[in-house]
Amino acid sequence: MSTDSPIEIVDLRKEYGSFTAVNGLNLSIKKNSFTGLLGPNGAGKSTTLKILTHLIKATSGEAYLNGVDVTKDPKAALTNVGTVIETPEFYPYLTPRETMRYVGELIGMNKESIKTETEEILEKVKMTDWGDKRLGTFSKGMRQRIALGQALMNDPNIIILDEPTSGLDPRGMAEIREVLKNLRNDSNDLTIVMSSHILTEVQDLCDRIAMINHGTLLMDDDISAFVTSHGVRSVIAKTAEIPTAELIDRIGQLDYVRSAERLGNDVQIFIGDSNEERNRLFNDLAQMNAGIYSLAETDKLEETYLDIIKESA
Amino acid sequence: MSFIELDDFRQAAMVAKNELIKGMRGKKFLVSLAVILLVFVLITVIPYATGGTWSGKAASDILSSYLSYISMISLLIVALLSSVAIVSEFEERTALILFTRPIKRTTIFLGKLMACFAITALIMLVYYLLVTAMLAIFAGTIPWELIISLCFCLLYVFAASGIAFIISAFLKKSSVATIITLLGLLMVIPIVSTMIGGDTWYMLDTAGNTIITCVPEYVDSYNAIIYEWVEYMQKAIDYMNLSGDAEIMQVAAIMQGMVDSYMFGMMEPIATPDLLREAGILIAWGVSAYFIAWLKFIRREF
């Protein structure tokens, strides 16, 4: 296995009767990357992550964590791995400090390390003041911060997250994202894989994206390459009045504009991906004096995502 | 990868410790203790309420009174505490934390088994200590049958917990697992034993009855009641047969069938148990049940 890929998946398959959830998936996660695992519902993201965390067994194939095949020796493979799969629940009769101690004891940490790390982690996830309260009384957001905290015990070099903000309110989501951002920025040796449906979250946190659908890999690249790969930028021009056919025609005749069409009371304009074309469009529309008062790019990640999913369907 | 390592036992002890904390802090533990205490208080108080007393009673009588219901109570406690051991990890999603750690499923299973047995044994021990106190106060002696009974009670709890673990490993809801365990242990197995009839020494409930049948005086007094009933019934049947009335003789024939079958097996005299054999049966039930539960547990997916 490559030392540059702490997570390596080789020809992984998972079948439930006649349904194939993961269909010969091959994926290498770069060392020290924060990879967003994207794909529609039923694409095989969660199944893949559950195989990696030994919650389910693969039908065939291999899944390496730090060079150890989790399908063959899960205990050794998960030794230096922290996980938050969906929104796990805790033993409600335990406090966060007791939970950390339990996890620390399970993975063989000594008492001193458990104590020191617990305090550091509670600080990181901003739960120090709640360390001795029973988890049964916590909100979902607080429990998820503790879930993230327990995943950090023993300073793992791999963290696997399956929709870590799912089901949280906006504040809870923001808190988890902040913790993840700090993790990404503060760690020198940490590889994170996170599945999510929230594209803005992926764009905000991840530096790489792996897209899967029907259990196979569609794309695995840097996030910058992902959003420019189709080479087209979509801009929405808002007009004071309903855009006329003549205006749309004039815009469409600009030599660098790929196409222009009416979109409700706005005009959607497709141009190339370069900044030069964007600047030229801005100037040209201003000179047209057509009552355009706003120009905004549409969400490129979403567009690209939808395009790739459409192509793979 | 070796099958089992030294570290696995350390981890199993950690899981057991956590399960013990869970058990001790849970309501079911308090309910179980309350049930045990309530039964003890009722058995102690009822003789006084009906004008009797414990003073002057033989140790075997006191022992028989307190142990009569213990197998049923131990099953109730097993159903409350052991039936949720596995299913709750999946239902309450705590498996997402525990199972994703570097720990073998077998280790988790072992830890849970140890903890469930320890908690149930602790509750039963409380009851036996109270009975010991009663014997010391009113009989001034502690018969050795009490120790044998305690050993069989612990073996019964071990075996019955195995059945509870099987149900827990297969089901998805804790509440359903508890109800099915309760019905299975308290109704289905005894019904099957009754239907089989004869000396069902190999059945879980029969082997479990050694808790009380290990007291020879209990066996003698129980059988004496049955033989007395048989004698009275036989006299009645003989009298009816003398009448010469065809209809009465027909009823007598039905009654004779009931007497001969000891009320279709429901009033069978108890045989003095072979202690070694019954202990072996309980261990065999337990080991087989845990093996099936373990097989399902290590394959169960989230």
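Predicted model: local features only at pLDDT ≥ 70, side-chain atom pairs only at ≥ 80, totals over all residues.
1. A word on terms to begin with: two residues are in contact if their C-beta atoms, placed from the backbone, lie within 7 Å.

2. Residues are numbered from 1 along each chain as its sequence is written, and chains are lettered from A and ligands numbered from 1 in the order in which they are written.

3. Now for chain B as a whole. Chain B has 14 helices and zero strands; helices (H or I, at least four residues) and strands (E, at least two) are DSSP runs, numbered from the N terminus. The C-alpha trace of chain B spans about 80 × 50 × 35 Å along its principal axes. Of the 302 residues in chain B, 38% are buried, a term that calls for 20 or more other C-beta atoms within 10 Å of a residue's own, with exposed meaning 12 or fewer, partly exposed in between, and C-beta atoms placed from the backbone. Among contacts in chain B with a separation of 6 or more, 82% are between residues 24 or more positions apart.

4. Helix α8(B) deserves a look. This helix covers residues 144-170, and its 27 residues should span 39 Å at 1.5 Å a residue; the end C-alpha atoms are 40 Å apart, which agrees. (The expected span is 1.5 Å times one less than the number of residues.) Because 20 of the 27 residues of α8(B) are buried, the helix is largely enclosed by the rest of the structure.

5. Running over residues 275-299, α14(B) has 25 residues and reaches 36 Å from its first C-alpha to its last, close to the 36 Å expected. Its buried residues include Trp285(B), Tyr290(B), Trp294(B) and Phe297(B), and also Glu278(B). The cover over the buried residues of α14(B) includes α7 (105-138), α8, α10 (204-208) and α11 (210-213) of chain B.

6. On to the cores. A nonpolar core is a set of buried Ala, Val, Leu, Ile, Met, Phe, Trp, Tyr and Cys residues joined through C-beta atoms within 7 Å. The largest has 148 residues, and those with the most contacts inside it are Leu65(A), Val78(B), Tyr156(B), Ala159(B), Ala160(B) and Phe165(B). Helix α8(B) gives the largest share of this core, 16 residues. A second, separate core of 10 residues includes Val235(A), Ile269(A), Leu281(A) and Leu285(A).

7. How many residues does each chain bring to the contact? Chain B gives 22 residues and chain A gives 27 residues. On the side of chain B that touches chain A, the largest share, seven residues, comes from α1(B). By class, that side has nine nonpolar, five polar and eight charged residues; here Ala, Val, Leu, Ile, Met, Phe, Trp, Tyr, Cys and Pro count as nonpolar, Asp, Glu, Lys and Arg as charged, and the others, Gly among them, as polar.

8. Chain A has strands to follow. An open sheet of four strands has the order β2-β1-β4-β5 (chain A), with antiparallel pairing; two strands pair if DSSP finds at least two bridges between them. The edge strands are β2 (19-29) and β5 (68-69) of chain A, each pairing on one side only. Strand β1(A), residues 7-16, is joined to β2(A) over eight bridges in the antiparallel sense, with Ile9(A) partnered by Leu27(A).

9. Why is strand β8(A) described as largely enclosed by the rest of the structure? Because five of the five residues of this strand, 191-195, are buried. Thr191(A), Val193(A) and Ser195(A) lie on one side, and Ile192(A) and Met194(A) on the other.

10. Strand β8(A) also has parallel partners. Four bridges join β3(A), residues 34-38, to β8(A), and Gly36(A) stands opposite Met194(A). Five bridges join β7(A), residues 158-162, to β8(A), where Ile160(A) stands opposite Val193(A). The chain crosses from β7(A) through helix α6(A), residues 170-186, to β8(A) in a right-handed β-α-β crossover (with the strands pointing away from the viewer, the path from the first strand over the helix to the second runs clockwise).
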